[in-house]
Amino acid sequence: MYDREKAVQYARKWAYSRNPQYYSFDNIGGDCTNFVSQCLYAGCGVMNYTPDLGWYYNSLDDRSAAWTGVEYLYNFLVSNKGNGPYGEELPLSDAEEGDIIQLSFDGITYAHNLVITKINLLPIPENILIACHSFDSLDRRLSTYDYRLARLVHILGARG
């Protein structure tokens, strides 16, 4: 089960600081996916320790690529048949709080992860509020980003 409220509560608590239980990747590529993974974990409480293709964090030196890599997280979430969170790519119009948005600034590579903290009325960029690390933000409007593409990863649930 995925508890959207717990994921959003975690995002609100840690949007402007760092949980000392996790390494901060700010100075080695950015902390956005690490933060989003922490939010997902707060919402499901289950990691996936599958070698190479899993989603887990034990330490800086013992973690999966999906925990900290934008494309790896996407691939894990949309193909996961085992433990941990899973989802599907849907139009932004299907967004819910606790879902993940990935941004592409060049129209080719997705390079930033955001977690949805609130949606005002209709889920359109002006009404979708997010939290993220690497330019820390809380309740920032999606429409304030200068991006080419945005993809929604709608979290369907979690197993394990």
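Buried means under 20% relative accessible area, exposed over 50%, partly exposed in between, with a 1.4 Å probe and protein chains only. Helices are DSSP runs of H or I, at least four residues; strands are runs of E, at least two; both are numbered from the N terminus.

Two notes on the source. This is a predicted model: local features need pLDDT of at least 70, side-chain atom pairs count only at pLDDT 80 or more, and totals for chains, interfaces and linings use all residues. Residues are numbered from 1 along each chain as its sequence is written, and side-chain values use heavy atoms, leaving out hydrogens and water.

Back to helix 2. Among its buried residues are Cys32, Phe35, Leu40 and Cys44. Next comes Gly45, with a positive phi near 70°.

Now, is Phe35 buried or exposed? Phe35 counts as buried, because its relative accessibility is 0%. Phe35 sits in helix 2, residues 32-44. What does Phe35 touch, leaving aside residues up to four places away in sequence? The contacts (heavy atoms within 4.5 Å) are Ala11, Trp14, Ala15, Val115, Ala131, Cys132 and His133.

Last, Leu122. Find Leu122 in the loop between strand 5 (110-119) and strand 6 (128-132). Leu122 is exposed, because its relative accessible area is 57%.
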